[in-house]
Amino acid sequence: MAYDTLEIEHHGAVRRILLARDAQRNAQSQQMLDELMAAFDDAARDDTVNAVVLGGKGAHFSAGHDLKQAQAERANFTVEERWAYEELRYFDYSMRIWDFPKPTIAQVQGACVAGGFMIANMCDLVVAGESAFFSDPVGHTLGAAATEVLIHPWVMGARKAKEMLYTGGKLSAQEAQAIGMVNRVVPDAELADAALALAQQIAKAPPFGLRLIKRSINRTLDAQGLRTALAAHFDTHQLSHLSEGFLTARDRGLASAIQKNPASA
Ligand code: ZN
């Protein structure tokens, strides 16, 4: 299968899916999100694939959603239109990565921001290059309540999640590792090999056992309320799209948020 916005690599039992709009810092367009789901679906169906690596071509993993496209096509969405669009492409697609029936590894370098942070953290493990940094500045730049999937407290703890979302600041790869959000940090030049080697090590185990381990760990988090909390925040996030803060940002032009925070898009 060929994609316009992704590159797919086959490494034996490991499938590597690479976001491939590197000239746009892998900003996630509608097409990219639709293709990403198709690529995950294909990897789920393929019995020769036991693990998936999700990465990004170029200097950055992903700067977030494509706000130029958002401004051009969705700035004047009604409540119902935005709900439908974001529930499918942001919430459901993200949860499908979370629920993907095989182990997943995010391979992260450079910017991992907002919508980028969201999909990277839907993966089971995260391997980061030294250049990686994580942030979610939308409370400042878009005047809206964080990203659609509030995975932050689950992967970084409530204290750091509040700091990141309140300040719009960045977390380095080393800091992310220190708080347990990132599994390994390696030099950027070794990142692709390190993520692949980890995936290949995992892929040696019988797939059904891995699938059950993943289900049970995710179900542990569900028992703690993960899925309910994420669904509740999605609704809250939709409300914030009608707030004074968001409408002001929209009228200024959503894409200007990219200039306001050069790390995000
Ligand atoms: Zn939204």
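Ile179 counts as partly exposed because its relative accessibility is 30%, where buried means under 20% relative accessible area, exposed over 50%, and partly exposed in between, with a 1.4 Å probe and protein chains only. The model is predicted, so that local features need pLDDT of at least 70 and side-chain atom pairs count only at pLDDT 80 or more, while totals for chains, interfaces and linings use all residues. Residues are numbered from 1 along each chain as its sequence is written, and side-chain values use heavy atoms, with hydrogens and water left out.

Ile179 lies in the loop between helix H7 (173-178) and strand E9 (184-186); helices (H or I, at least four residues) and strands (E, at least two) are DSSP runs, numbered from the N terminus. Leaving aside neighbours within four places in sequence, Ile179 is in contact (heavy atoms within 4.5 Å) with Met156, Lys160 and Leu171. Between Ile179 and Lys160 there are 8.6 Å in space, C-alpha to C-alpha, although the two are 19 residues apart in sequence.

Helix H6 comprises residues 152-167, and its end C-alpha atoms span only 14 Å, whereas a straight helix of 16 residues would span 22 Å at 1.5 Å a residue, the expected span being 1.5 Å times one less than the number of residues. H6 bends by about 100° at Ala158, where the bend is the angle between axes fitted to the seven residues ending at a position and the seven starting there. The buried residues of this helix are His152, Val155, Met156, Ala161, Met164 and Leu165, and what covers them includes helix H4 (115-120), strand E7 (133-135), helix H5 (138-141) and strand E8 (170-172). Just after H6, Gly168 takes a positive phi of about 75°.

Leu54 counts as buried because its relative accessibility is 0%. Beyond its neighbours within four places in sequence, Leu54 has contacts that include Ile17, Leu36, Phe61, Ile105, Ile119 and Cys123. Of these, Ile119 is 65 residues away from Leu54 in sequence, yet the two are 9.0 Å apart in space, C-alpha to C-alpha.

The zinc ion is coordinated at 2.0 to 2.6 Å by Glu86 (OE), Glu86 (OE), Glu148 (OE), His237 (NE2) and His241 (NE2). Donors are N, O and S atoms within 2.8 Å of the metal (3.2 Å for Na, K and Ca), and sites may look incomplete because water is not among the atoms. In sequence, the donor residues are spaced E-x61-E-x88-H-x3-H. His237 counts as buried because its relative accessibility is 2%, and His241 counts as buried because its value is 8%.The structure also holds 2 cavities of 30 Å³ or more, and the largest cavity has a volume of about 250 Å³. Of the 22 residues that line the largest cavity, the closest to its centre are His65, Leu67, Leu142, Glu148 and His241. On a 1 Å grid over the protein atoms alone, a cavity is a set of points where a 1.4 Å probe fits but cannot get out, and a pocket is an open set with protein on both sides within 12 Å along at least five of seven lines, lining residues having an atom within 4 Å of a point. Grid points are joined across faces, edges and corners, and a volume is the space filled by probe spheres set on the points. The largest pocket has a volume of about 560 Å³, and helix H9 (207-223) gives the most to its lining, with 6 residues.
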